[in-house]
Amino acid sequence: MAFLDIAAVTKSFGAQGVLKDVNLSIERGEFVVFVGPSGCGKSTLLRIITGLETVTSGTISIEGEVMNDVEPARRGTAMVFQSYALYPHMTTFQNVSFSLRMAHRARDVIVDKVQKAAAILQLDKLLERKPGQLSGGQKQRVAIGRAIVREPRVFLFDEPLSNLDAELRVQMRAELMELHRRLGTTMIYVTHDQVEAMTLADKMVVMHAGRVQQAGKPLDLYDDPDNRFVAGFVGSPKMNFLPARVQSSGPNALGLAGVGGAGEATLPFTAPPGLAGPVEIGLRPERMRPLPPGAPPPPNSIVLEGQVTLVEELGSESYVHMVLADGTPVTLRAGRDETVEGPSLRVAADPRHALLFGPDGERIRSQGGSKR
Amino acid sequence: MTGMSLPPIWTILKWALALSIAAVALFPIWWMVNVVFALPGEPVSLNPRLWPTSIPAGIDKIRLILTETDFLRAYGISLLYAVLTIAGVLIIGSLAAFEFALFDFPGRKLLFGIVMLSLMVPTAVTIIPTYLLTSQLGWLNTMQGLVIPGVASAFGLFMLIQFMRAIPMDMIEAARLDGASHFQVYWHVALPLCSNALVTLAILTFMQTWGNYMWPLIVSSRPEMYTVGQVVGLFNSPLSHQTVDTVMTANLLAAIPPLLFFLIFQRKIVEGIAMSGTKG
Ligand SMILES: Nc1ncnc2c1ncn2[C@@H]1O[C@H](COP(=O)(O)OP(=O)(O)O)[C@@H](O)[C@H]1O
Ligand SMILES: [Mg+2]
């Protein structure tokens, strides 16, 4: 049994199902990030773990002990809220020490613990200030301090950085990673920002519409997504999806027609038996190369032709947006030295990097030996 | 003559109007002071004056009233009545508002509806049943009879609920996660966060209680339970054989606490009235 076990958890508010059969195992010391679009149930799951919401069915257990009926304060979880939820009438010291004071700890123990937390978070000079006199980043640190003094088994963060400006966000992200390294405590972090999730997570849990879509190492999710949602959600710019039709199927060769309109392609792919009809090809923007005018495409490549609609010059690279003949939008990442001459452009992609998705959005994996 | 500009005509008119209203409002009070601090008989003479003529005469009258009548006891009763009512209104109102505003429980909407309905029922309608109830409890002529019917203030509850609703739920939940009990959340988080509203409610309750004439008149018929208002009422009664200046002295003594109170809490009172949208 894992350190923190979420087993078959469902949650409904009235008739609205918010979480549907969520199963997740979290190991001690892991930095886990729940990521997904707004409204997918991330906060609800976090609140269930900490006990602010009850499950409709299923169990939450920590270190083998079922937590469903344990008081929030006794679960060994500490939460940092998006709004910080600092008590505005209390100083930093009073805010950070609140839980200790509620537990009637001895004064010298309180002072000692608060000072330790303050040292870790560089709050030493701010202990006598009230939240109104603190900057966003400082408030954030006070909120974390309030969690630290409780010495929880699990830290829970609900979009803690979303009220900070971009620069501070990057800095706080680094501080959180440092904090995790230093404390070694299990952390669960909620965000809707997949970049934040990729950078922070040991284990990234992608959620959508109340279900866990996939959980794993960020790069595994990036390279080997289980479904179209994960493929599209992880990575920026997004993966391109090209409609296609299965034409022929053989060992390590899947013939596709109608790729992005009229294109044809053969993927080094052993299809599951009976695969036919419409499918989708997923191609990451960095896996496509623009072809200079008149140049022959590399052998066996997928070639697409379309009209350039927008070129975003970012300095080191450019994002080229184009539409294919059938209206499918495609984005590719071009290097500084690659020439992109509009208005019409040909791009080539190595079919080994193409992922295949069924009409239901599920990933279709190659059968047998080949990894993909 | 550049740079000098006359104040706009509207500003002048506004000030003139404000000053005239202030004069009208202040004159009775000034007249009261004038009558008290004058030699007996002077204010009603053919040639009354607009300013005090004899401070010692006024002090004599005040001493007379404080020593010869039960005025001091009435002060005590009124003060106790006000303080206990304020304490009751604040404690009961804030506890109830805490539950109504921040938690859900079965029957919450219905109960809240009933409380709000009671705001619309005029005092005149409830005063007789309240009297009967108080009388059945044997509380006539007692402090509890005076205070308790007034401590459950629907208006106070309404006002505090508005304030407590503004407390972010996150904060309540954070406190819960920090191990605060239900009462500790109320005491350490909710109460301090609506301290402004509590002060305002205390002030409004004081003004209302000090000025309450009807309920004390009904519930305490014995002179030893008279409030300041009732004692002044005695002086003013048609059969009283007091002279005008003695009556005025009693009035002045009755008016001093609220006047002082007003001067001290002026800003809060104005804020409070604006906040509650009613006249105190
Ligand atoms: N207390 C509640 N009552 C009713 N619906 C709720 C409640 N809390 C959340 N929801 C609904 O549950 C869904 C998921 O919410 P939430 O977990 O906050 O999503 P996320 O944090 O991923 O943005 C939303 O549709 C939201 O409206
Ligand atoms: Mg959320």
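Ligand 1 is surrounded by A:Phe13, A:Gln16, A:Val18, A:Ser38, A:Gly39, A:Cys40, A:Gly41, A:Lys42, A:Ser43 and A:Thr44, where a residue counts as near if one of its heavy atoms lies within 4 Å. This is a predicted model, in which local features need pLDDT of at least 70, side-chain atom pairs count only at pLDDT 80 or more, and totals for chains, interfaces and linings use all residues. Residues are numbered from 1 along each chain as its sequence is written, chains are lettered from A and ligands numbered from 1 in written order, and side-chain values use heavy atoms, without hydrogens and water.

**Ligand 1**

- An oxygen atom of ligand 1 is 3.1 Å from a side-chain N or O atom of A:Gln16, a polar contact (a pair of N or O atoms within 3.5 Å).
- Backbone N or O atoms of A:Gly41 and A:Lys42 also face ligand oxygen atoms, A:Gly41 at 3.1 Å and A:Lys42 at 2.9 Å.
- The protein buries 61% of the 560 Å² that ligand 1 exposes when taken alone (Shrake-Rupley areas, 1.4 Å probe).
- Strand E2 (16–26) and helix H1 (42–50) of chain A each give two or more residues to the shell; H1(A) has the largest share, three residues. Helices (H or I, at least four residues) and strands (E, at least two) are DSSP runs, numbered from the N terminus.

**Salt bridges**

- Over all chains there are 23 salt bridges (a side-chain nitrogen of Lys or Arg within 4 Å of a carboxyl oxygen of Asp or Glu).
- A:Arg173 and A:Glu196 form one at 4.0 Å, N to O. A:Arg173 lies in helix H5 and A:Glu196 in helix H6 of chain A, so the pair ties together parts 23 residues apart in sequence.
- Both A:Arg173 and A:Glu196 are buried (buried is under 20% relative accessible area, exposed over 50%, partly exposed in between; 1.4 Å probe, protein chains only).
- A:Asp112 and A:Lys116 pair at 3.3 Å; A:Asp112 is partly exposed at 37% and A:Lys116 exposed at 54%.
- A salt-bridge network links A:Lys11, A:Arg47, A:Glu53 and B:Glu173.

**Chain B**

- B:Ile91, B:Ile92, B:Leu95, B:Phe183 and B:Trp187 make a nonpolar surface patch of about 500 Å². Patch residues have over 30% relative accessible area and no salt bridge; like charges are joined within 9 Å, nonpolar side chains (Val, Leu, Ile, Met, Phe, Trp, Tyr) within 5 Å.
- H3(B) gives the largest share of this patch, three residues.
- B:Trp187, in helix H9 of chain B, is partly exposed at 48%.

Key: A polar contact is a pair of N or O atoms within 3.5 Å; within protein, one must be able to donate a hydrogen and the other to accept it, and residues adjacent in sequence count only if both atoms are side-chain atoms.
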